[in-house]
Amino acid sequence: MQQLIVQKFGGTSVGSGERIAAVAGIIKKESEVNSVVVVVSAMAGETDRLIELSKQFGDNQNKREFDALISTGEKVSASLLAMALNSLGLKAKSYTAAQVSLKTTSNFSKAMILDIDKAKMEEILADDSIPIITGFQGITETGEVTTLGRGGSDTTAVAIAASIKANRCDIYTDVDGVYTTDPRIVPNAKKLDAISMEGMLELAGQGAKVIQIRAVEFANKFKVPVRVLSSFSPGTGLSLIHI
């Protein structure tokens, strides 16, 4: 039976044309058996580059313009990924958070998601194409662009999964699951086969960077099953179990 899956790809996963092509292959394989909605981060290093550009004009930038600037990175990766999927013969379209009416508070650079237009999402899904949605950003009721803070694309993905009642949300990173500590720093870190939402919240609260803490809170509140997988190597990933 076909399921509805949200796939989120982080900055390292879409960090180059080669990586975007690999991600397109992952999406194509999933789309052969399930309906897929994709959320992307900016290409690795792009947000930092944009922040550095803004510093040319001082360290205390206008918050509205700062968010308008740093939200552009996700638009690039979303469009490139849609092009990559189109080149594989798949129908895919990129969408900004504004186009899916992802409404947030007006706290620039640390906005909170308030609502996602379900009717708009249903319209997009009925188009029979793979939507590639920009993570990390939203719009206020008055149409101002906001960003959700570092790691905000995770929150976008889980919020969309909750809104469309997806069967699960797959978070793709450069590690193949959740470890007791960062395996890129500690080679003998132990991979966890499963973890409760409470355990994941504790890890996130201690600074674990696998999933943003607000994304875990969203998943816990709306009972969204989440898996962590690597876009660099095959693996079963890890399921975050609701208790």
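This is a predicted model: local features need pLDDT of at least 70, side-chain atom pairs count only at pLDDT 80 or more; totals for chains, interfaces and linings use all residues.
Modeller: Local features need pLDDT of at least 70 and side-chain atom pairs 80 or more, while totals for linings use all residues. Residues are numbered from 1 along each chain, and side-chain values use heavy atoms, without hydrogens and water.

Biologist: Which element gives the largest share of that lining?

Modeller: H8 does, with five residues; helices here are DSSP runs (H or I) of at least four residues, and strands (E) of at least two.

Biologist: Switching to Asn 34, is it buried or exposed?

Modeller: Asn 34 counts as buried because its relative accessibility is 10%, where buried means under 20% with a 1.4 Å probe and protein chains only.

Biologist: And where is Asn 34 found?

Modeller: Asn 34 sits in the loop between helix H1 (17–31) and strand E2 (35–40).

Biologist: What does the side chain of Asn 34 make a polar contact with?

Modeller: One partner is the side chain of Glu 30, at 2.6 Å, a polar contact being a pair of N or O atoms within 3.5 Å, one able to donate a hydrogen and the other to accept it, with residues adjacent in sequence counted only if both atoms are side-chain atoms. A polar atom of the Asn 34 side chain also lies 2.7 Å from the backbone nitrogen of Gln 3.

Notes
Buried means under 20% relative accessible area, exposed over 50%, partly exposed in between (1.4 Å probe, protein chains only).
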